[in-house]
Every structure is written in C-alpha cells, then in structure tokens.
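Subject: Handing over the structure

Hi,

Here is the structure I promised to pass on. Have a look at it first, and my notes follow below.

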Amino acid sequence: MEAALSRVADAPIRVSCAGRTDTGVHALGQVIHFDSEVARPERAWVLGANTALPNDVSLLWSRPVSDSFHARFSALSRSYRYLILDRSARSSLLAGRVTWIHRALDAEAMRLAAEPLLGTHDFSSYRAIGCQAKHPVAHDHPPERCAGAVS
C-alpha cells in the first residue's frame, strides 16, 4: 500500500493501520491513514493506488480526516467471522478461506459450547507487557442473522 500510494503522491508515503491480521486471515474494510503534502482528488488516490496494487488488495475509498484521527487508536470496534463449510465435498473457490468439515455439524451442541464466551470478560491475565489496548475488558455483540448459499 505504501508503494502504491507513494506512486500516486510521487513522494514517500507511510501508512498506519487499524491493526494487523494473522497470516492467512483476510481483512475486509481494513482502515489505514497516511499524511501527504500532495493534494490529490479522493478518486485519484483510489484509482491510482489500485493500478499499483496486487489483485488481492484494493483501496476502496479515500477521504481527508482530521489530524486527531489515527487508524489504530480511533478504531471503535473490530469483528471477526470464521466460516465452516460442512458438506461432503470441499469448495475449490473457498479453499484457504473456510474450514471444511466433511460431515454435518451439531449446531445445538456448538451453541451450548459457545455460551460461556458470551458476556463481558476481563482479559488482564492474557495481556502482553507491551499491550496497547485501552482496557482489558471485552464485550460480546450479538451476531448478524444471515442466510445464503456458498459455492
């Protein structure tokens, strides 16, 4: 991203990210910010950067933000979605993006097993010394109810 934005700016650009993802995890809507002395239309940042990015990365939007905004420290929330494909045949299109289980899952047993995860939890004992989180308490949020078909 830095190289692509630097090309658009014709000057070095350093980005700050909302957070990183683990290897093999795909980020949707990852927020970054950068400072530039160069003025470009929002559309130019997006289209210009995308011409220099690999096919599996794209800039979706760009807009000016206040100096007080920081992609990492201004983030209000993060959410994660883990997908399990439970059918007899694996998906070639979703390889590496879902966990494939070749047998039917017991949704009720899974719901019961997940109940202790719901609620408010203090993760103080799991924090690393250099942890930069504002507080160790995490609150669950009800998931979206979705339906769909996956190839």
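What percentage of the 151 residues in the chain do the buried residues make up? The figure is 13%. Keep in mind that this is a predicted model, so everything here is computed from predicted coordinates.

On confidence, the average pLDDT for the chain is 82, and 86% of the residues score at least 70. The stretch to watch is 142-151, where the pLDDT is below 50; it has eight contacts in the model beyond near neighbours in sequence. Where pLDDT is low, the predicted coordinates should not be read in detail.

Now the overall layout. The chain has three helices and six strands, and starting from the N terminus the order of elements is α-β-β-α-β-β-α-β-β. If you take the contacts with a separation of 6 or more, 38% of them are between residues 24 or more positions apart. The chain exposes about 12,600 Å², with carbon and sulfur atoms supplying 55% of that.

The largest nonpolar core has 11 residues: Ala4, Leu5, Val8, Ala9, Ile13, Val15, Trp45, Val46, Ala49, Leu53 and Leu59. Two elements each give two or more residues to this core, namely helix H1 (2-9) and helix H2 (42-51). H1 has the largest share, with four residues. As background, nonpolar side chains in soluble globular proteins tend to be buried together.

Next, H2. Its buried residues are Trp45, Val46 and Ala49. Looking down the axis of H2, these buried residues fall within an arc of 95°, so they line one face of the helix. Arg43 and Thr51, on the other side of H2, are exposed. As for partners, the buried residues of H2 pack against H1 and strand E2 (32-34).

Gly48 also belongs to H2. Not counting residues up to four places away in sequence, Gly48 touches Val8 and Arg43. From Gly48 to Leu59 the C-alpha to C-alpha distance is 9.4 Å, with the two residues 11 apart in sequence.

Two loop residues are also worth a click. Asp10 sits in the loop between H1 and strand E1 (15-17). The phi of Asp10 is near 55°, a positive value in a residue other than glycine. Is Asp10 buried or exposed? Asp10 is exposed, with a relative accessible area of 71%.

The other one is Ser91, in the loop between strand E3 (84-86) and strand E4 (99-101). Ser91 is buried, since its relative accessible area is 7% and the cut-off for buried is under 20%. What does the side chain of Ser91 reach at 3.1 Å? That is the backbone nitrogen of Leu94. The side chain of Ser91 also reaches the backbone nitrogen of Leu93, at 3.3 Å.

That's the lot from me. Over to you!

Cheers

Note on methods: Residues are numbered from 1 along each chain as its sequence is written. This is a predicted model: local features need pLDDT of at least 70, side-chain atom pairs count only at pLDDT 80 or more; totals for chains, interfaces and linings use all residues. Side-chain values use heavy atoms; hydrogens and water are left out. A nonpolar core is a set of buried Ala, Val, Leu, Ile, Met, Phe, Trp, Tyr and Cys residues joined through side-chain atoms within 4.5 Å. Buried means under 20% relative accessible area, exposed over 50%, partly exposed in between (1.4 Å probe, protein chains only). The arc is that of the directions from the helix axis to the C-beta atoms. Contact means heavy atoms within 4.5 Å. Accessible areas come from the Shrake-Rupley method with a 1.4 Å probe; for residues, only the protein chains shown count as cover. pLDDT is the predictor's confidence in each residue, from 0 to 100. A polar contact is a pair of N or O atoms within 3.5 Å; within protein, one must be able to donate a hydrogen and the other to accept it, and residues adjacent in sequence count only if both atoms are side-chain atoms.
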